[in-house]
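Subject: Structure handover

Hello,

Here is the structure for you to look over. Please open it alongside this note.

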Amino acid sequence: TRYFVDHRKVRVVGGQGGGGGHSFYSEPRKIFGGPDGGNGGDGGHVILKADQQMKSLSSVLPFYQGFHGEKGGSKNCYGANGAYMYVKVPVGTLVKEDGKVVADLTQHGEEYVAAYGGAGGKGNRFFLSNENRAPTLFTPGEPGQERVLHLELKTTAHAGLVGFPNAGKSSLLRAISSAKPAVAAYPFTTLNPHVGIVRYQDYEQVAVADIPGLIKGAHQNRGLGMAFLRHIERCHFLLYVVDLSVSQPWIQLQDLKYELEQYKKGLSQRPCVVIGNKIDLAQSRINLPLLKEQIDDRVIALSALTGDNLEELLLHLRELYDTYVKTEQSRGQSPVKW
C-alpha cells in the first residue's frame, strides 16, 4: 500500500565548489609564461520545486547532496559549475526550519533554494599583480550550505470529509472513489489522510480527503489533533459526516464546527453540506427529520455501506466544485486542478 505521507524531515547539502587551478604557462622557447590556473566552478544548488503531478511526500528522500563544481584547469580554463538538483514536492508544501516557515509552495512550478552550492576556489591566475608576477597561491572551493528542513503538506484536496471516529468517512470515500482507506469497527482506524478522486463524465476530477477522525479537544492537540486540523485549512469546501444512528446527531455537528472554529476562526464558515450516514438503520430514519429541524445546512441522507442515495451527494459535490471554480476565476486566480 502506498500511504499518503504528509511529513518529511530532509537534510540538504549544497554541492562543494571546485578548487582553483595551480599551473604556469609552459611552451617551447617561451619561458616565464606566467600563471594560468583557472577558477573552480560553483557547487550546484538543491532546489525544491512544486509539481502538480506529485500528490504526496512519499517519494521525497531523507537526504540530498548537490553536484560538486569542477576544479579549475590550466590555460585559464574555468571549472564547470555543478548542475542544480531539483526535488519535486506537491503543490501546497510548507518548508520549515527550526519551527519557522521559510517557504510556502502554493503554485505549480514555484521553486525554493533549499541549499546553496559553495563558491568555486580561485586559481593562481587570479592572484597575478604587478607586485606578484608568479603567484603560487590558489584557494579550495567552499563547502555547500547544509540545512535540516521539515516539509509539511497541507492537503490541497477540494473537499474534506469531517467527522468523529466511526462516522463512516472511510467507507464513504471507498464508495465514491477508487481510494482504499482501511475500514474497521474501532476508533481511529484511519491514521493518515487518504485522498480519493471523484471522476465525472466531462473529465473533471474532484479530490476528496478522508481526514483522520476528530474528537473533542482536538484544537488542544488531543487525539490526532493538529495532524487532522491542518489538512482542513486548505480544503475549499467541507463535507460533515454525521452518524444518524446515534441519539441527537446534531450535537455531533455542533461539536465539529466548534473544534474547527477554535483552531482557526472562519474555518467552520466555509461552503459545506451535512451528510447523514447509515440511513439503512432503523434508528437513523427516526433521527433524520429531527436533524433537519435542528440545523439550517443542507442534509443529504445516504448509506456508504449499501450505496443508497450516493447520486445526490455526487451531484451536490459537483455543484460545490463548480461554485469554487467560478469564485476563483472571478478573483483572477487559477483554481486547483487534479
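Below is what turned up, starting with the cores. Keep in mind that this is a predicted model.

Nonpolar cores

The largest nonpolar core has 26 residues. Ile232, Leu238, Tyr240 and Ile295 make the most contacts inside it. At least two residues each come from strands S11 (205–210), S12 (237–243), S13 (272–277) and S14 (299–301), and from helices H3 (249–263) and H4 (282–294). H3 gives the largest share, four residues. There is also a second, separate core of 25 residues. Among its members are Ala159, Ile275, Leu302 and Ala304.

Which residues does Ile232 touch, beyond its neighbours within four places in sequence? They are Val162, Ile211, Leu238, Leu260, Leu267 and Arg270.

Strand pairing

S8 (residues 146–153) pairs antiparallel with S1 (residues 7–13) through seven bridges. In that pairing, Val10 sits opposite Leu149 of S8. S8 also runs antiparallel to S5 (residues 93–97), joined by four bridges. Here Thr93 faces Leu153 of S8.

Helix H5

H5 covers residues 310–330, 21 residues in total. Its first and last C-alpha atoms are 31 Å apart, close to the expected 30 Å. Buried positions in H5 are Leu310, Leu313, His316, Leu317, Arg318, Leu320, Tyr321, Tyr324, Val325 and Glu328. An α-helix has 3.6 residues a turn, so residues three or four places apart point the same way. After H5 comes Gly332, with a positive phi near 80°.

Best regards

How values were computed. Residues are numbered from 1 along each chain as its sequence is written. This is a predicted model: local features need pLDDT of at least 70, side-chain atom pairs count only at pLDDT 80 or more; totals for chains, interfaces and linings use all residues. Side-chain values use heavy atoms; hydrogens and water are left out. A nonpolar core is a set of buried Ala, Val, Leu, Ile, Met, Phe, Trp, Tyr and Cys residues joined through side-chain atoms within 4.5 Å. Buried means under 20% relative accessible area, exposed over 50%, partly exposed in between (1.4 Å probe, protein chains only). Contact means heavy atoms within 4.5 Å. Two strands pair if DSSP finds at least two bridges between them. The expected span of a helix is 1.5 Å times one less than its number of residues.
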